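Morning, everyone. Have a look at the model on the screen, and then I'll take you through it.

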Amino acid sequence: MFQSDQVITVSILLNGNIDEFFCSFVYASNGVEERKQLWDDLQHHHNSSMFQNKLWMVCGDFNETLQGQEHSNYIDDQHTTMEMMDFQNVVRDCSLVDLKYHGPPYTWCNKRYMGLICKILDIFLVERYPNSYCVFESGGCFDHLRRRTTVEVEEVRKFRPFKFANVLTQ
């Protein structure tokens, strides 16, 4: 559906479902200025008529934390940066929430003995998937953790009219 240097968006239709949903896979730039284009792309997606009334997931390496607590040096430096605020604004404006997850407290580590830094950079954002979750698994040779995601779309219940049996009153 869409491709840029930092995001690829696809339409997914699962077997047995009538409605498609969209998934955007992100590999954000390390540069702050370049990431602003990603934020614009995501807001454009959200405002697009094609995305209206469709489920949307955004996942990947955002190279930015949403909250200060997502950085291992948070105790030393407890302020919110402009870059974090830009990311928070996009998440809020697009009505996205961070999908609940299990596993180690950080998803990325620079793997240094001296000057170790860990952060949550791998984020799974969703509009509405209340029964879904991610599991981050430690280990491996990469600086990012492996992730398994379980997506359960909530079934829309059909409302039936209330019926009252008069026999119950006797």
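I'll cover confidence, then aromatic pairs, then the cavity.

Remember that this is a predicted model. The protein chain averages a pLDDT of 81, and 85% of the residues score at least 70. Which element has the highest mean pLDDT, and which the lowest? Helix α1, residues 32-47, is at the top with 94.

Now the rings. The whole structure holds five aromatic pairs. Take Phe-22 and Phe-51. Their ring centres are 4.3 Å apart and their planes sit at 25 degrees, so this pair is stacked. Phe-22 is in strand β3, and Phe-51 is in the loop between α1 and β4, so the contact ties together parts 29 residues apart in sequence. Phe-22 and Phe-51 are both buried.

The next pair is Trp-39 with Phe-62. It is stacked too, at 6.5 Å centre to centre and 15 degrees between the planes. Trp-39 comes from helix α1, Phe-62 from the loop between β4 and α2, and 23 residues separate them. Again, both are buried. There is also a cluster: Phe-22, Phe-51 and Trp-56.

The lining includes Asp-98, Tyr-101, Ile-120 and Phe-136. Strands β9 and β10 each give two or more residues to that lining. β9 gives the most, with three. By type, the lining has seven nonpolar residues, one polar and two charged.

That's my tour. Over to you.

Technical notes:
Residues numbered from 1 in each chain as written. Predicted model: local features only at pLDDT ≥ 70, side-chain atom pairs only at ≥ 80, totals over all residues. Heavy atoms only, no water. pLDDT = per-residue confidence, 0-100. Helix = DSSP H or I, 4+ residues; strand = E, 2+ residues; numbered from the N terminus. 1 Å grid on protein atoms, 1.4 Å probe; cavity = no way out; pocket = protein on both sides within 12 Å on 5 of 7 lines; lining within 4 Å. Nonpolar A, V, L, I, M, F, W, Y, C, P; charged D, E, K, R; others polar. Phe/Tyr/Trp six-rings, centres within 6.5 Å; stacked < 30°, edge-to-face > 60°. Buried < 20%, exposed > 50% of the residue type's maximum accessible area, 1.4 Å probe, protein only.
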